[in-house]
Structures are given as C-alpha cells and as structure tokens.
Amino acid sequence: MTLTTTRSANEPGGGADPAVAPPAHGRRRASPARLLDTYGSLIAIGVIAVVLLVWAPSSLSQFRLDNLGKYCALALASMGIGLAWGRGGMLVLGQGVFFGLGAYAMAMHMKLEAAGPGGVPDFMTLYGDGTMPSWWEPFRSAPFTIFAIVALPAVVSFILGYAIVKRRVKGAYFAILTQAMAVAFATLLIATIKQTGGFNGLNTFSTVFGHNLFDPEVKRNLYRVAAGLVVVFLLVLWQLYRSRYGELLVATRDAEERIRFLGYDPANIKLVAFVIAAVMASIGGAVFVPIAGIISPTNVDASASIMLLAGVALGGRASLFGPVLGAIAVGYGRSTLSETFPTQWTYFLGALFIVVIVLLPGGVASLWPKLRSRWPSPTAETPANGDHDVDRSQPAVPA
Amino acid sequence: MAALGLTLTFGQMGVINMANGEFLMVGAYVAYLTQQVITAVDLSIVFALPMAFVVAGLLGLLLEVSVIQWMYQRPLDTLLATVGVSLVLQQLAQDVFGAQGDPVAAPGWLDGRISVFGYEWPHRQLFTIVLALVALGALNAVLKYSSFGRQIRATVQNRQLAETLGVSTRNVDRITFFLGSGLAGVGGVAIALISGTNPTLGTAYIIPAFLVVVVGGVGQLKGTVLAAWAVGVATAFLTDWISGSMAQVIAFALVVIFLTIRPQGLFTVRTRSLA
Amino acid sequence: MRNRSALRTAAPLIAGLALVASACGGDDEATPSASDAPADTEAGGSAAPAGTAAAGDICVEGDTVKLGFLNSTSGPMAISEQTVRDSLLLAAEEINAAGGILGKQIEPVEEDGQSEPTVFAEKINKLLTEDGVAAVFGGWTSASRKAMLPVVEGANGLLFYPVQYEGLEASPNIYYTGATTNQQIIPAMDFLASEGVETLFLAGSDYVFPRTANKIIKQYAAELGIEIVGEEYVPLDSDDWTTQVAKIAEAQPDFVFNTINGSSNVGFIKAYDEAGLGADNSPIISVSIAEEEAPAMGVDLTGQYAAWNYFQSVDSPENATFIAAFQAKYGADRPTSDPMEAAYTSLYLYKNMVEKAESFCVDAVNASSDGVSFAAPEGLVTINGDNHHIAKTGLIGQINADNQFDIVWSSEGPIEPDPFLEGYSWWDPNQN
Amino acid sequence: MTASFLAEDYLEIRDLTVDFDGFKAVDGVDLTLLQGRLHFLIGPNGAGKTTLVDALTGLVRGTGGAKFRDHDLLTMKSHMIVRLGIGRTFQTASVFEQLSVLQNLDIAAGVHRAARRSVFARGRVPERVEQALETIGLADLAHRPAGILAHGQKQWLEVGMLLVQDAKVMFLDETVAGMSSGEREETGELLKRIVGDRTIVVIEHDMDFMRRYADFVTVMHTGRVLAEGTVAEVQADQRVQEVYLGTATEAATHG
C-alpha cells in the first residue's frame with residue numbers, strides 16, 4: 001500500500017523528466033495494436049476488478065465469498081512469488097514466513113481487541129501464567145499494526161535477502177535456504193506456545209478494527225478489501241513489469257553477470273523484488289486472518305509455502321495474471337475437489353504439479369502466446385514487454 | 001543416510017529430488033513388509049536392507065526415466081516436479097498401508113547396549129552409524145575405483161566431453177539416480193528401526209537432509225557425513241540447554257548463518273558452481 | 001489487426017471468468033438439495049450479527065436429517081481421525097436401521113479437515129451454511145476445535161467433539177463427549193497417589209494439551225505431595241527423544257506422566273526402551289496411547305499404564321455389542337478405543353437429545369439437553385446442561401501381552417465434568 | 001597519432017598478477033592505457049589477455065595495482081568499476097536476446113539514471129540511446145529483438161551499450177572474430193568514429209585488422225608483456241616474430 005502512495009507522489013515530479021513523458025515519441029507511437037499491447041493488460045485488470053468487486057459479491061453466497069476472499073489473500077502472496085520467481089528467477093520456497101508475519105501481526109491485534117483494553121489474550125492464561133510479553137503491547141494500536149504488517153516483512157526480508165542475495169546464493173541453494181526458513185519459522189511458532197499460541201495458532205477473534213466479524217456486511221467488506229488489494233497490486237505489478245526496473249529484473253534473471261557489467265549490482269535489483277514480494281505476502285496474510293478467523297503454523301510452514309507456489313507454477317510464473325488465477329484455481333480446487341473426491345484430490349494435485357512443470361513450465365498463461373503464434377501476427381516480432389511473454393525464467397545451467 | 005543419497009543425486013547430477021524423503025519412507029515400508037514375510041526378526045532386517053535398496057532404487061529409476069530426464073536443464077523445476085511426486089507417493093502410502101504407522105521390530109541382536117567412550121551406546125544407534133559408514137565406504141569405493149565411478153565423475157565434470165569419449169551419459173544418469181534413491185531406501189530401514197513407519201515420515205527428514213548436503217559441500221561425501229554429524233551433535237547439545245523445539249530452530253538458524261557466510265559449504269568443489 | 005490484439009488481451013480474462021464462474025456454479029451440483037439452505041437467502045445481508053437470536057435456529061425440514069462428519073481423512077491426523085469417522089458411520093447406520101431420529105433417516109455429509117485448522121473452520125462453515133446440516137460431529141486436535149468454535153457459535157450450530165482435551169472451555173454450541181481434565185488427568189493423579197508415587201517426570205509434545213495438562217498436574221502434584229523431578233517437551237512431529245530420555249534415566253522418577261501426542265510416541269517409547277527403561281523399572285502412565293497405538297510402538301509395552309474413560313476390555317453388554325458391530329463392519333482385527341467410543345456415543349446422545357426435545361432446532365435441543373443420558377459402551381453417560389460436557393467414569397488400564405488393557409483402577413462412578421476446575425481449591429489458572 | 005599525448009584519464013596498471021592456484025595467468029604486467037587511442041592487445045592463446053581484462057573489471061581477483069581516476073580497480077566490485085566508466089564486451093556476444101535493441105541500449109544507459117526513476121516505463125527514447133543507435137547503425141532495427149540480429153550486429157550492439165554507458169575505457173574482447181571482412185571494416189571505422197577522448201582496448205588475433213586500425217599495440221605472452229609500441233615497432237620486434245611464428249597455426253584457427 002505504501003508502494004502505491006509513494007509512486008503516485010512521485011508522478012508529478014517525474015513529469016519534468018523527458019523520459020517519463022507519455023509514449024508519443026516516434027518509434028513508440030505506432031499502431032493501435034501496439035497501444036492495445038500496452039494497455040490491454042489494463043483492460044484485463046479492469047475486467048478482473050469488475051468480476052471480483054461487482055459480480056462476485058452480488059452473486060456468490062457468503063460462504064463462497066469468504067472462500068474467494070481467502071483465495072484473494074493467497075493470490076496476493078502468489079503475485080509476490082510471481083515477481084520474485086517468475087521475473088526475478090528467485091525460487092522462494094518460504095513465502096509462508098512473510099505471509100505469517102502479516103497474518104500474526106493482524107491476529108495479535110485482533111486478539112488484543114478481543115481481550116479488551118488492558119486485557120490479556122485468553123490463551124496466555126490457558127497455557128501460561130497470564131502475563132503478556134511486552135512485545136505484544138504495541139499491537140493494541142491499529143495504526144501500529146498496519147505499519148508493522150508492511151514494515152516487519154520489509155525489514156526481515158531485507159536483512160535475510162541482504163545476507164542471502166548479496167552473498168550470491170542462487171538457484172537451488174536459495175530455494176532450499178528459504179524453505180529452511182519456513183520450517184524454522186513454523187517450528188519457532190510452535191515452540192513459543194505461551195507467546196504465539198503454538199500449534200493452535202491464534203483464533204477466536206470477535207472484531208477487526210472495531211467491526212463485528214460476524215456481521216455479514218463486515219464480512220462482505222473484508223472480502224472487498226482482499227479483492228480490492230488484488231486489483232491494486234495487479235496495477236502495481238503491471239506498472240512495475242513495464243517499467244525499466246521490470247526489464248532490468250528480467251535481464252538480471254536471464255544474465256546476472258552481464259547486468260553486473262552494465263554497472264548494476266544484481267543483488268540490489270533482486271533484493272528489491274524479494275522485499276516487495278515479502279511485503280505482498282505479508283499483506284496477503286493480514287487480510288487472510290480476519291476472513292479465515294484463524295492463523296496457525298500449518299498456514300505458514302514449508303508445505304503451505306509450496307501450496308502458494310503451486311498456484312504460481314500452474315498459472316504461469318512470469319505472467320501478470322497467472323499467479324492470481326493460479327492461486328484462485330488451486331484454492332478453489334482444494335476446497336471443492338476435496339469435497340467431492342477427498343482422497344483423490346492429493347493425487348490430482350500431485351499429478352497436476354508434475355504435468356504442468358514438466359510439460360508447461362510457463363504455466364497455463366504460457367498457452368496463450370503459443371496459441372496466438374499459430375496465426376501470423378503483425379506484432380509478433382515485438383519483443384514482449386508485457387505479460388504474456390513466454391517464460392524464460394530458467395536459465396540454462398551448466399551441467 | 002538420506003543425506004548421502006541426496007548428495008549423490010544433487011551433487012553429482014545437479015538434480016534436486018524432493019521426493020528423496022519419500023524413498024526413505026519406501027525403505028521403511030520395505031522393512032515392514034519384509035518383516036511380514038520373513039517373520040524371523042533377526043533375519044528379516046538382513047533381507048530388508050538389500051530389498052529396500054533395490055525397491056527404492058527402482059522407484060528412483062522410474063522417476064528419472066518418467067520425469068527427471070526431461071528437465072536436466074531446469075534444476076528448479078525438477079525441485080518442484082519432485083514435490084508433486086512426493087505428494088503422490090505419500091498419499092499412495094496412506095492408501096496402501098493406512099494412515100496408521102506400522103511397527104518394525106528390531107532384531108534381538110540390536111537390543112543391547114555397549115559401552116564405548118564411557119557412554120552407553122544402544123546397539124541400534126551403533127548399527128545406524130555402522131550402516132552409514134559402510135554405505136559411505138562402498139560409495140566412495142565405487143566412485144573412486146570402479147570404471148563406472150570414473151564415468152560418473154567424468155560426466156559431472158564435463159558432460160559433453162564424456163559423451164564424446166563414449167560414455168553413455170544417459171546410463172550414468174540413470175544409474176546414479178538408482179544409487180542415490182537406493183541409499184535413501186537403506187536409510188529408510190534404519191529410520192524404521194528407530195521410529196517405525198508412517199506415510200509422512202519422509203517430510204520430516206528431507207529438509208534437514210538438504211541442509212546437511214549443502215553445509216557439507218555439494219558433491220562432497222566426507223563433507224556430508226561431517227555435516228550430518230555436526231548438525232546432529234549441535235542439536236543434541238542444544239537440547240540439553242533449551243527445549244527441543246527451540247534447539248531445532250537454533251540449529252536451523254545456525255545452518256542458515258553458516259551458509260550465508262560460506263555458501264559453498266565446508267568442502268568446496270574446485271569446478272564451476274553447480275547452481 | 002485490432003481484433004486480434006483485443007482477443008489476445010481478452011484471453012486471460014475469459015479464463016478468469018470461467019474460473020470464477022465455475023467456482024460458484026459448483027455448489028448446486030455438489031449439494032443439490034441445499035438450495036433452500038438459509039445461507040443462500042440470507043446472504044443478501046439481512047442476517048443479523050452473531051449474538052442476536054436472529055442468526056437463526058438451524059432446524060430440519062424434509063424426510064432426512066443431514067449430519068456433518070468432519071474428520072481429517074488426509075494429512076498427518078488422518079491416522080487417528082479416520083477411526084472416528086468409521087465409528088460415526090457405524091452409529092449412523094445403526095440408528096438408520098432402527099428407524100432414524102424422530103423418524104428421519106440420517107444423511108451423512110462427509111468432509112475432510114485435511115489435518116489443518118483453517119480447513120476445519122472453512123468446512124464447518126460450509127456444512128452449516130451451505131449444506132444446512134443439523135449438527136456436525138468431528139474434530140480431533142485442540143487447534144481444529146478452536147478453529148471451529150467461532151464459526152459454530154457465529155452460525156448458532158451444533159458441534160460434537162469426541163476427544164479428551166485440555167478443558168478450560170465451554171461453548172453453548174459445542175458438546176464435548178471426550179473427557180475433560182478432571183475426568184482423565186486428575187483421576188490419573190489420584191491413581192498415582194494411591195500407588196504411593198513420590199516423584200514424577202513429565203514428558204509431552206510441545207502442544208496445548210500437554211502444556212495445559214502439565215500445568216494442572218503440577219498444581220495437583222503439589223497438593224498431593226508428589227515431587228515433579230523433570231518436565232520435557234519435544235515438537236509435535238519429532239521422533240528424536242534420546243536426549244530427553246537420558247534425562248529421565250538420570251532423574252529416576254517413580255513414574256513418568258506421558259502426554260505425548262500421536263506418532264511422536266513411537267520415538268519416545270523406542271528411545272525409552274533403548275535406554276534400558278521399561279515397565280519394571282520405570283513405569284509410564286500415558287493419556288494418548290490406546291488400543292490402536294499400543295501395537296504400533298514396535299516395543300513390548302506390557303505392564304505400562306494408560307488413563308482413559310473407555311477400554312475395549314470394558315466388560316458390559318453394551319460394549320460387547322459395540323465391538324461386535326464395529327468388527328463386523330470393519331474387520332475383526334480392528335481394535336476399538338476411547339475416542340472412537342466417544343464419537344459413537346456422541347451420535348446416540350444427539351439422537352436422545354433431539355428425541356427429548358422433539359425438535360431438531362438448535363435452541364430447543366440445547367434447552368432440553370441437561371440430563372440426557374445414554375448407556376454407552378463405557379457405561380452410563382449423562383450430559384451436563386450447563387457446560388455441555390458429559391459425566392464419565394475415569395479408568396486406568398495396564399497393557400497386557402495382547403496389547404489390550406487390564407482395568408486396574410476405576411473412579412467411584414461417573415465423574416461430573418468440571419472443565420474450569422472450579423471445584424478444585426488448589427487450582428489457580430494464573431499460576432504456572 | 002596521439003601516442004605521446006598524456007591525457008587526464010588514463011589507466012595505469014602496475015605489477016598486475018593473477019594467480020590461479022599457483023598458475024600465474026597474468027604475471028607482473030605493467031601497462032599504461034592512454035586516452036584517445038585504439039590500443040590493441042594481442043598475443044597467442046593463453047597469453048593472459050582476457051584474464052588481464054577480467055582482473056581489471058573485477059571478474060577475477062588480481063594483485064598489484066590498477067589506478068584510474070584515483071581508484072584502485074582491483075579492490076572494487078564489477079558494477080562499481082563499470083560506474084567509474086570502464087566497460088567491456090565478451091568474446092561471445094552477450095546481449096539480452098529477448099529484449100529489443102532499444103531495450104538493450106536503454107538498460108545499459110540506466111547506470112546513470114536515478115534509481116527512483118526506474119519504476120516508470122520508458123517513455124520516449126533518451127537522446128543518448130538515440131545517438132548510439134545512429135552511431136552503430138542499428139536505428140532501423142531498434143524494435144527488433146536482439147536475438148535475431150546477425151553476429152556482427154550483435155557485437156555492434158555491445159559497442160553501442162558501452163557507448164550509452166559513456167564508458168571512458170572500453171575493453172573489446174575479440175569483437176571482430178567471426179565477422180566477414182566487410183563487417184570488420186565497418187567495425188574498424190566504427191571504433192575510429194567513437195574513440196574520441198576514450199581509451200579503447202581491443203583484444204584481437206586478426207593481424208590485418210590490427211595493422212589497419214591500431215594506434216598502439218601491446219603484445220602479451222605467457223602472462224607477461226612481451227613488447228609494446230606502434231604497429232611498425234611491434235612488427236619489427238624479434239621476440240614477437242618468434243612467438244607468432246611458433247604459434248601461427250593455432251592463432252590462425254582462432255582468427
């Protein structure tokens with residue numbers, strides 16, 4: 001959220017720079033087709049916004065809407081993974097950690113709300129001696145909580161990222177380290193039962209920022225927040241992907257050394273993507289909690305992180321819309337297919353995982369440009385700047 | 001043991017097999033099944049070890065042929081695809097053997113304890129250690145002295161060159177994978193003796209095993225063993241001071257810190273980085 | 001040219017639309033008869049916030065009564081929860097064969113909790129608001145119950161929870177048919193005191209139940225004059241107990257109180273055995289090893305103890321019928337255990353409550369629940385209308401060579417449930 | 001031409017040594033690279049030419065000294081060296097094949113752009129990029145993906161990327177290798193056009209190309225400087241002849 005505000009704050013100032021003038025200059029002007037190429041994604045985002053914000057609330061039952069809200073929360077984290085992995089080449093297997101940071105921050109606030117002014121969350125009396133650790137205290141304040149939801153993952157991911165990325169830890173090592181992080185985080189939560197509720201996690205909330213959680217209108221609004229954030233971050237990512245930074249990130253993914261010899265520090269470029277992804281996951285976690293009504297270590301551990309990844313891989317890691325649609329599809333599949341085929345669902349998910357990754361590394365989103373290339377297109381030679389580009393996030397690795 | 005199997009597939013081939021934990025589980029179930037067939041407990045373990053090796057190895061081979069061979073150029077995707085495989089294998093085990101864990105009785109000769117260095121070592125732990133050492137020795141010998149071992153190492157160092165020299169790299173890949181998975185299977189038997197079997201057994205081991213491999217230095221057998229030992233001792237030592245869960249967290253944290261300081265692991269490979 | 005480009009941008013949208021559309025289209029097929037469920041009509045926003053009576057009273061129309069069975073059939077908890085599902089289905093079958101509840105046949109709606117609290121919360125929401133079930137049976141871990149509690153209260157539904165738990169909870173919308181602490185932990189301590197135990201070592205999983213149980217044990221131990229000589233926790237899924245067992249060997253307690261959950265017990269028992277400890281020199285009393293788990297340890301447990309409210313060896317005609325029916329349906333090698341019996345009992349209790357109230361409506365059922373009883377396999381059980389727990393008899397069993405339990409101690413008749421331990425003067429919730 | 005002219009921006013290398021586990025790929029090289037000339041670095045394979053450049057651009061670690069504008073390059077990280085105005089190309093053209101020619105240049109030009117501006121999409125083409133496009137003669141191909149360019153064009157694009165970086169010192173590693181004679185000529189002319197006040201160091205095997213365009217030549221052999229001077233001076237050098245006669249066939253295969 002801060003991202004958008006800083007961006008728009010910068011916009012007027014940027015006007016003085018010729019580089020950000022509207023795309024009207026010579027070679028870039030060109031056909032309506034090219035304009036559509038550039039702005040087609042915007043239209044698509046618009047349609048998604050209509051679907052999520054207008055159509056869904058008016059046609060889905062409260063239960064389905066709640067679920068969709070949860071998928072939206074997960075989609076936020078997935079979009080972050082799309083940024084870090086699809087565009088940045090960093091396979092983040094521990095995004096649950098940041099999801100958890102936001103979720104627990106929010107949950108702590110709601111727990112304190114439920115406890116009332118000066119009160120202590122119920123579980124602390126249940127498992128411990130009824131005293132509250134002092135670091136809980138600031139979460140009584142709603143503004144602090146919102147601040148923490150953004151700042152906490154940013155700081156943590158910056159420190160972790162700095163340690164990992166700067167050291168040029170990449171590829172599989174990076175993936176395993178982040179996964180170990182998720183395991184350690186979940187174990188830590190379980191171990192600190194008196195401070196974080198342990199395996200049970202945090203639950204039994206009553207209000208969120210003063211609104212009754214059981215009021216259908218509040219629930220509806222929580223959904224709107226989640227869906228709205230998805231749309232907002234689609235816009236953010238859309239801008240990011242078409243920006244110079246977006247190009248730079250892709251270039252870094254494909255040829256890190258070359259970027260270094262253009263005078264950039266690839267570590268910084270990747271670090272930015274990593275931090276943004278972490279903040280998005282955290283915000284996702286924060287909107288997840290009031291809708292789901294519970295957060296526990298099983299929502300943030302390694303397998304939860306891999307579930308997030310599954311959606312991204314399925315939808316298309318490098319595309320703008322892939323992770324969102326993938327996350328919603330996996331979430332939907334998980335609750336609905338498992339209703340109909342409780343045990344076969346796992347096989348299905350596993351098989352889907354294998355098939356998509358082996359045969360369709362670009363995810364479902366990569367089908368589209370492939371399909372399109374069947375027809376000769378006048379814009380085919382235009383290098384993809386937007387969202388439907390074929391996946392290239394797997395640099396060949398010397399065997 | 002799991003780490004040894006992993007270091008072979010990961011280190012030697014650059015393939016990250018998240019399903020390796022499930023090969024442990026397969027090994028454990030093989031031990032269980034052998035015990036159902038050969039009821040003489042003392043004997044069954046002797047049969048279970050080679051059986052587990054072969055069964056897990058064959059499964060690994062199947063995985064290599066069906067999935068992994070298509071993706072040698074995409075190590076990260078291999079990682080993800082094998083996650084899918086492990087999901088399927090887990091569910092399969094649950095459907096076949098039931099979610100309930102099954103016991104594996106240890107043979108009588110593993111029940112006692114022996115006093116070494118003033119500490120009472122249960123035979124079972126010693127057995128595991130000996131098993132690991134034997135596997136390490138055998139693996140080392142195969143890699144160093146047999147012609148096949150030379151082929152593996154040649155393929156690792158320069159695939160194209162090895163091919164032009166008439167080494168069938170495809171076969172090398174397959175056999176390496178067979179060996180790595182088989183080792184995991186043998187490790188599974190050891191685990192079955194310690195904690196019995198259950199379908200989710202693999203998941204608990206896979207990540208520590210990977211960390212051990214990375215800490216030890218990818219592709220370095222002695223590094224792997226040393227790292228496994230170090231991590232084990234550190235965790236046990238920490239447990240004396242603080243709760244078991246916190247010890248795990250701190251052990252993880254230490255490993256992560258170690259890796260950020262020395263990303264190449266304890267022992268470095270003098271060739272290009274693999275990842 | 002323009003058209004093509006437009007098409008190209010539209011594609012992801014179409015895909016998205018299709019997805020979302022199918023997301024909502026699914027309900028109708030999945031639950032054809034749920035179209036008149038309250039949620040669909042109330043979704044417009046007319047439903048009032050929780051707490052006000054207007055949240056609705058779930059009642060039943062039609063010839064059948066839908067009951068939700070919500071257990072994990074996948075994930076690590078499936079090991080245990082599948083057995084509960086089995087006995088619930090058995091009870092439903094029996095009741096249907098005997099004419100149903102108030103003449104309505106039970107129509108089970110099965111859901112998988114996937115061993116994950118969030119899924120439990122989501123599924124119970126679905127069962128109550130989409131499927132319109134009259135009551136839900138299930139849950140195992142405290143986490144799953146805690147996750148379901150706000151949902152079932154918000155929807156003013158009914159949940160029957162069949163597992164012994166850590167107490168300190170009572171919800172108007174939940175019936176607890178497993179033991180609370182004063183029906184399992186405290187009897188176990190009474191038994192230890194009667195055995196003349198002076199030193200006790202506490203070993204548990206790092207989890208709510210062991211933590212809370214041990215808190216109670218410590219306070220009661222102080223009251224009984226038993227010394228606690230050690231307290232160790234290991235993460236839920238950890239198998240490595242060697243260090244902790246070494247500490248037990250060193251402390252040489254008269255007894256070990258084992259509150260370890262699930263499969264972690266296997267590692268504990270094996271390490272225990274390796275350390276040369278056993279029933280003869282260092283007995284254990286467990287609260288989560290039952291007939292189902294004992295043979296899975298890989299170590300002979302003969303002579304060790306367990307505290308429950310039901311054992312397969314309970315000698316009563318009701319139990320004989322129950323075991324016979326269960327084994328006829330699922331196989332003669334299947335043992336029966338406490339949570340299974342509690343789940344089986346919960347369905348019969350529900351039947352008796354509904355028949356007493358002569359209504360399926362939640363408020364009516366609640367109003368008349370006090371004193372409803374059932375001659376269960378474990379003996380007579382009676383619902384306490386105030387705290388929605390049931391009076392149960394505390395039993396201590398000793399494992400024999402057949403992995404069955406010989407009952408060596410029993411409380412004097414059913415113990416009234418006291419989840420908040422208000423009747424125990426030594427209890428101070430704020431003292432650790 | 002300007003051989004004797006000591007300019008402000010010069011790169012002074014003293015006793016540069018690169019040690020690969022005991023094997024000295026570069027062994028005590030002293031070299032002064034002056035502004036405004038095309039400086040050719042020649043020598044047989046394994047002479048240490050590329051390693052020398054690697055050391056100067058932070059790719060491998062070297063000892064000794066390499067001073068440019070009061071900075072010691074050997075202590076700096078690659079990207080900082082580039083920001084100082086020292087750029088290089090690689091033996092195999094390494095442009096971003098999926099990106100367009102324009103995008104390639106734009107990314108290269110980004111070094112001098114404030115970080116906060118990179119969150120915007122490229123609006124109009126920056127002047128510097130436009131100029132570079134004209135200079136390297138790829139203006140017509142600006143929107144084509146770099147991957148479809150011919151080999152020579154890719155190398156020119158690399159030079160263009162150095163241009164937009166405003167590199168004061170350019171190391172071109174075997175740029176004309178594999179080019180047709182026409183392309184070589186164009187490359188030579190391009191280099192002459194752009195040299196201005198820059199230092200351009202060309203690593204080359206092609207003697208004809210060297211003879212035509214070199215202002216100054218340094219010959220390396222087994223990690224050491226064998227000879228330096230004008231083309232004529234170097235050609236007359238006895239030792240150079242020996243080295244080249246001895247390895248002529250090998251050099252030819254790479255020419």
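Predicted model: local features only at pLDDT ≥ 70, side-chain atom pairs only at ≥ 80, totals over all residues.
Biologist: What makes a stretch a helix or a strand here, and how is an angle between two of them taken?

Modeller: Helices (H or I, at least four residues) and strands (E, at least two) are DSSP runs numbered from the N terminus, while axes are lines fitted to C-alpha atoms, for helices over the stretch in contact, with angles from 0 to 180 degrees between N-to-C directions. Residues are numbered from 1 along each chain as its sequence is written, and chains are lettered from A and ligands numbered from 1 in the order in which they are written.

Biologist: Why is α3(C) called roughly perpendicular to α10(C)?

Modeller: The axes of α3 (residues 78-97) and α10 (residues 317-330) of chain C come within 11 Å and cross at roughly 105°; angles of 65 to 115 degrees count as roughly perpendicular (under 35 is roughly parallel, over 145 roughly antiparallel, the rest oblique), and therefore α3(C) is roughly perpendicular to α10(C).

Biologist: How do you know that β12(C) and β13(C) pair?

Modeller: Two strands pair if DSSP finds at least two bridges between them, and β12 (residues 379-383) and β13 of chain C are joined in the antiparallel sense over two bridges, with C:Ile383 opposite C:Ile390.

Biologist: What makes β3(D) and β8(D) a pair?

Modeller: Six bridges join β3 (residues 37-42) to β8 (residues 199-204) of chain D, and these strands run parallel; D:His39 stands opposite D:Val201 in β8(D).
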